[in-house]
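Visitor: Please take me in for a close look at one part of this model. I'd like the surroundings too, in plain talk.

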Amino acid sequence: MSEDRREQSAGGWRKELYLWLGTAVAILTVLTLLFVFVGRIIVVDNISMLPTLERGDLLLLQSVGYTPRQGDIVALTKEFEYADGPIVKRVIATGGQHVEIDYAAGTVTVDGLILDEHYLDGWMVTPHYENLASVDVPQGCIFVMGDNRNQSSDSRNVTLGTVDERYVLGRVVWVLFPFRNFGPAG
């Protein structure tokens, strides 16, 4: 009889392990599907969004059902001379809007209105690359800039220019890590 009890306890242990493993696989599958189809996680790898976002910040993106809006912080996948992976920038204008950049005054105007850019850290100087100062954003595209304007290669750079919305991975909604920066993004 003691041998039967050993077999029952061994069978119970195996059954419990099987249930735990099944649960773990189901949870991992659901999380994977969520991050692939609903949202994504990326890491900021440059300083172009200082002071809003720092290099190394782990970000949660909203991907599904997202349409870019002026003021949103987005992650893009469009490669150009200064980036070969996802880049994080702020949407300055969307399709159909007109952007004017006055480097002398340090202002950005969209459709005749000067933007209130309280998130900027410092005065904007003329970038070292061939840049755009006036642009009409085509439908289905966005014009993006970093918050750290003097250290950002963005839509002012003619090699990036306006960005087709199909390159947008999603809107940055939350800083997950480091914990000192934990919370809603920008």
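Visitor: In which helix is the place of L34?

Guide: L34 sits in helix α1, residues 2-38 (helices are DSSP runs of H or I, at least four residues, and strands runs of E, at least two, numbered from the N terminus). This is a predicted model, so local features need pLDDT of at least 70 and side-chain atom pairs pLDDT 80 or more, while totals for chains, interfaces and linings use all residues. Numbering runs from 1 along each chain as its sequence is written, and side-chain values use heavy atoms, with hydrogens and water left out.

L34 counts as partly exposed because its relative accessibility is 40% (buried is under 20%, exposed over 50%, partly exposed in between, with a 1.4 Å probe and protein chains only). With I27, L28, V30 and L31, L34 forms a nonpolar surface patch of about 450 Å² accessible area together (Shrake-Rupley, 1.4 Å probe, only the protein chains shown counting as cover; patch members have over 30% relative accessible area and no salt bridge, nonpolar side chains being joined within 5 Å and like charges within 9 Å).

Now for a buried residue: V168, in strand β11 (168-177), counts as buried because its relative accessibility is 16%. Leaving aside neighbours within four places in sequence, V168 is in contact with Y66, P68, V74, A75, L76 and I142 (contact means heavy atoms within 4.5 Å). C141 is 27 residues from V168 in sequence and 9.8 Å away, C-alpha to C-alpha.

Technical notes. A salt bridge is a side-chain nitrogen of Lys or Arg within 4 Å of a carboxyl oxygen of Asp or Glu.
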